[in-house]
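Here is a short briefing on one protein chain. Please look over the sequence and the structure before reading on.

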Amino acid sequence: MALDLKLPLSELFAETETRLTALSGLFFLAGVILSLASAPSWAQAGVYLAAIVVGGVPILREAWEALWEDRRLTIDSLVVVAVIGAVLLGQWWEAAAVVFLFSFSEMLEEFTLDRAHSAIQTLMELSPQEARIKVDGRESTVPVEDVAVGMIVAVRPGERVPVDGDVVAGESTIDQAAITGESAPVAKTSGDSVFAGTINQQGYLEIAATRPSTDNAIARIVRLVEEAQQEKAPTAQFIDRFAAYYTPGIVVLAFLVATVPWLAFEQPLEEWVYRGLVLLLVGCPCALVISTPISIVAAIARSARSGVLMKSGAVLELLGQAKVMAFDKTGTLTRGQPEVTDVIPAEGFSESDVIQMADRLEHRSEHQLAAAILRRAGHTDTEEDSGHVHTEEIQDFEAIAGRGVRARVDGTVYVCGSPDFLSSIGYDLVPYQETIAALQDAGKTALLVAQDKQIAGLIATMDTLRPEAEPTLHAINDMGISHMVMLTGDSQPTATAIAQQLPVRHVSAELLPWQKLVAIQDLVKAHGNVLMVGDGVNDAPALASATAGIALGGAGADVALETADVVLMGDDLSKIPTALQLSRRTMTVIKQNITFSLGIKLLVLVLTLFGLTYLWMAILADVGATILVAGNGLRLLRSSD
C-alpha cells in the first residue's frame with residue numbers, strides 16, 4: 001500500500017508558528033537588503049527588531065513556561081539569552097538571524113514528525129464514510145457511524161468494505177493489504193471475517209457488522225500505534241535525561257567562557273561574552289533531541305503499514321537485541337489442524353477403499369481428525385458442492401469420545417478409531433504394531449479402519465507445518481538468533497517430529513499454560529532478552545512474561561491486540577524477520593543521528609573556543625544537523641534503503 005506522505009502547504013501554513021516564522025524571515029531578508037543598500041542604521045535595526053519580535057514571541061513563551069512551571073532551562077531558554085546578549089552587543093542582524101533560523105528549525109521538527117505521523121493516520125481515510133445497509137430486501141445508504149452491530153451491509157465489486165464483519169452471503173476476493181500487509185488478495189465466502197477499509201475485488205458480498213465504526217480494525221490499529229508513538233523508547237528517555245543536565249551545563253560553561261578570560265587574564269570582555277553567546281547556541285541540542293523520536297515514529301508507522309503492529313518504542317528497540325526466541329507449536333509453527341499424511345491399506349484393499357470406508361463414518365463426526373479425513377476424501381463445506389452425497393442407509397451409529405466411531409452401513413459394520421479402541425472391541429492388531437509404533441514415533445496419530453471383522457488399513461494424521469515456518473526460522477537463525485526453543489502442550493513425539501524439520505535447539509512438550517509461563521521466566525533469567533511467539537490465545541501468560549511477545553492473532557483477535565507487544569496482523573510468520581531487521585535498522589539510524597548531531601556540535605564548539613564562529617553560524621549548524629537527522633530518520637518510512 002502506498003501512502004501519501006506529503007503535507008499540503010495550506011495545511012503547513014495553517015499553524016500560527018509557521019506563519020510567524022515566515023514573517024520573521026521576510027523581515028530578516030528586508031534587513032539584509034537594507035544593510036547591503038547602506039540604509040541608515042536605525043532603519044536596519046528597526047527591521048531586524050521586527051524579525052526578532054515576530055519570530056521570538058513563541059520562543060520566549062516556551063522558555064518562560066518551562067522556567068516558571070517546570071523550573072527548568074530548555075533549548076528555548078538558551079536562544080532567548082543568546083538573542084538578548086546579541087542585542088545588547090549591538091549585533092542586530094545576528095540576533096534576527098538566530099531567531100529566524102531557530103524558528104525554522106522548530107518548524108522543521110514539527111513538519112518531520114507530522115509527516116511520520118501522517119503515514120499511519122492515512123489509514124483512517126481508508127474507511128468509507130457511508131455504508132449501504134440492507135433491510136427487508138431493500139438497500140439504503142447511511143453514514144457508516146450509524147451502522148449497528150448485526151446490520152447487513154451490501155458491498156459491490158470494486159468498493160471498500162465499510163465495516164468489520166462476517167460474510168453472510170456471496171463470494172469474492174478481498175485486498176486486505178491495508179490491514180494485514182498481505183500482498184495477494186484473500187478469498188472470502190460465507191462465515192469468513194472481513195475488515196473495514198479492505199477492497200472487495202470481484203463478487204457481491206453481504207456482511208453482518210460485528211463492530212461499530214469507532215472500534216473497527218483500522219480504528220484500533222491507529223489508536224494503538226498512536227499510543228506506541230507517544231511512549232518513549234529507552235534511548236529517547238536517556239536523551240531526555242541527558243538533555244535535562246546538559247542544558248544547564250551549557251549555560252554554566254558559557255558563563256565561564258564569557259567571564260573567566262576577562263577576570264583572570266584581562267581579555268576583552270565583549271569578545272569573550274560574544275564567544276559565550278555563540279557557545280550557548282552551539283549547545284542547543286535540537287538535533288540530538290529529535291534524533292531518536294523521529295526514527296521511532298517513522299519505524300512504527302512503517303511497521304504498521306506492513307501488517308506488523310508494534311505497541312511501543314521500547315519494543316521496537318528490544319526486538320533487534322533478542323538472542324533467544326521461544327515458539328508455541330500448534331497454530332503458530334503449524335497450521336493448527338491435522339491433515340492426512342499416510343494411508344496404508346491392508347492386503348486386499350486399496351488406499352481409495354480405506355478412505356471411502358472412513359468417509360462413510362466420519363461425515364457424521366465433528367472431530368478434527370474426522371474433518372481431516374473428509375478433506376482427504378474431497379469434501380468441501382457443502383455436500384452438494386463436493387459431489388460426495390451419502391445415500392447409504394446408516395444404522396446403529398455410535399461415536400465414542402476420544403476413541404472412534406462405529407456404524408452399520410447397508411448391512412456392513414464399519415469401524416474407525418484409535419488402536420486402543422479397536423483392540424478393546426476384539427480386533428487383532430499384532431500384524432500392525434510395528435507400523436503403528438513407527439507412525440507414533442514420527443509424531444503422527446494412527447487410526448485404524450475395519451470392515452466387519454477385518455482390518456482394512458491405517459490412516460495417519462498430523463498437524464503440518466505452516467509453509468513459511470521453515471524458511472522463517474532459518475532466516476531468524478541467519479540473523480544470529482540461533483537459540484530457538486519450542487514450548488507446546490502437545491505430546492513429546494509429535495513436538496519432536498515437528499522440531500526436527502526446523503532449526504529448533506530445544507523442545508519442551510506436554511506443557512500446561514502455567515508451565516509455559518515458568519519456562520519463559522526461566523529463559524528470561526538465563527538469557528535476559530527473550531521473544532515469545534504464540535497465537536495470542538492459549539499463550540497469553542507466556543506472551544506477557546517474555547521480554548516481548550509476538551502474537552499471530554490477526555486483525556480481529558482482541559486477545560492478541562491486548563496481550564502481545566507485537567501483533568502480526570496477517571498471521572504470517574515471515575513478517576518476524578522483517579520486524580527484527582526493522583528494529584536493527586532503526587537502532588542503526590538512531591546511532592547515526594546521535595553521532596551526526598554530537599559530531600557537528602563538537603566541531604563547532606572547538607571552532608568557537610578559537611573565535612572562528614559567529615552566532616548565525618552556530619544556529620545554522622544546528623539547523624543543518626536537524627535537517628540531516630530528520631531526513632535520515634524519515635528513510636525508515638521506506639521499505640528499504
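The points below go from the whole chain to single residues.

The model is predicted. The protein chain has 641 residues, and 51% of them count as buried. Its secondary structure comes to 24 helices and 22 strands.

**Whole chain**
- The accessible surface of the protein chain is about 29100 Å². Carbon and sulfur atoms hold 57% of that surface.
- Take the contacts in the protein chain with a separation of 6 or more: 68% of them join residues 24 or more positions apart.

**Helix pair H18 and H23**
- Helix H18 spans residues 469-478, and helix H23 spans residues 575-609.
- The axes of H18 and H23 come within 8 Å and cross at roughly 25°.
- Angles under 35 degrees count as roughly parallel, so H18 and H23 are roughly parallel to each other.
- On the H18 side, Thr472, Ala475 and Ile476 make the contact. On the H23 side, the residues are Ile576, Pro577 and Leu580.
- The residues of this contact divide into 5 nonpolar and 1 polar, with no charged residue.

**Ser24 in helix H2**
- Ser24 sits in helix H2, which covers residues 16-36.
- The relative accessible area of Ser24 is 0%. Buried means under 20%, so Ser24 is buried.
- The side chain of Ser24 reaches the backbone oxygen of Ala51 at 2.9 Å.
- Leaving aside residues up to four places away in sequence, Ser24 touches Ala51, Val54, Gly55, Val99 and Phe100.

**Val57 in helix H3**
- Val57 belongs to helix H3, which runs over residues 41-69.
- Val57 has 43% relative accessibility. That value falls between the 20% and 50% limits, so Val57 counts as partly exposed.
- Val57 and Val80 are 23 residues apart along the chain, and their C-alpha atoms are separated by 10.0 Å.

**Positive phi in loops**
- Asp136 is not a glycine, yet its phi is positive, at about 55°.
- The loop that holds Asp136 lies between strand S1 (130-135) and strand S2 (138-143).
- Asp136 has 79% relative accessibility. Exposed means over 50%, so Asp136 counts as exposed.
- Glu510 is not a glycine, and it has a positive phi of about 55°.

Note on methods
Residues are numbered from 1 along each chain as its sequence is written. This is a predicted model: local features need pLDDT of at least 70, side-chain atom pairs count only at pLDDT 80 or more; totals for chains, interfaces and linings use all residues. Side-chain values use heavy atoms; hydrogens and water are left out. Helices (H or I, at least four residues) and strands (E, at least two) are DSSP runs, numbered from the N terminus. Buried means under 20% relative accessible area, exposed over 50%, partly exposed in between (1.4 Å probe, protein chains only). A polar contact is a pair of N or O atoms within 3.5 Å; within protein, one must be able to donate a hydrogen and the other to accept it, and residues adjacent in sequence count only if both atoms are side-chain atoms. Contact means heavy atoms within 4.5 Å. Accessible areas come from the Shrake-Rupley method with a 1.4 Å probe; for residues, only the protein chains shown count as cover. Axes are lines fitted to C-alpha atoms, for helices over the stretch in contact, and angles run from 0 to 180 degrees between N-to-C directions. Angles under 35 degrees count as roughly parallel, over 145 as roughly antiparallel, 65 to 115 as roughly perpendicular and the rest as oblique. Ala, Val, Leu, Ile, Met, Phe, Trp, Tyr, Cys and Pro count as nonpolar, Asp, Glu, Lys and Arg as charged, and the others, Gly among them, as polar.
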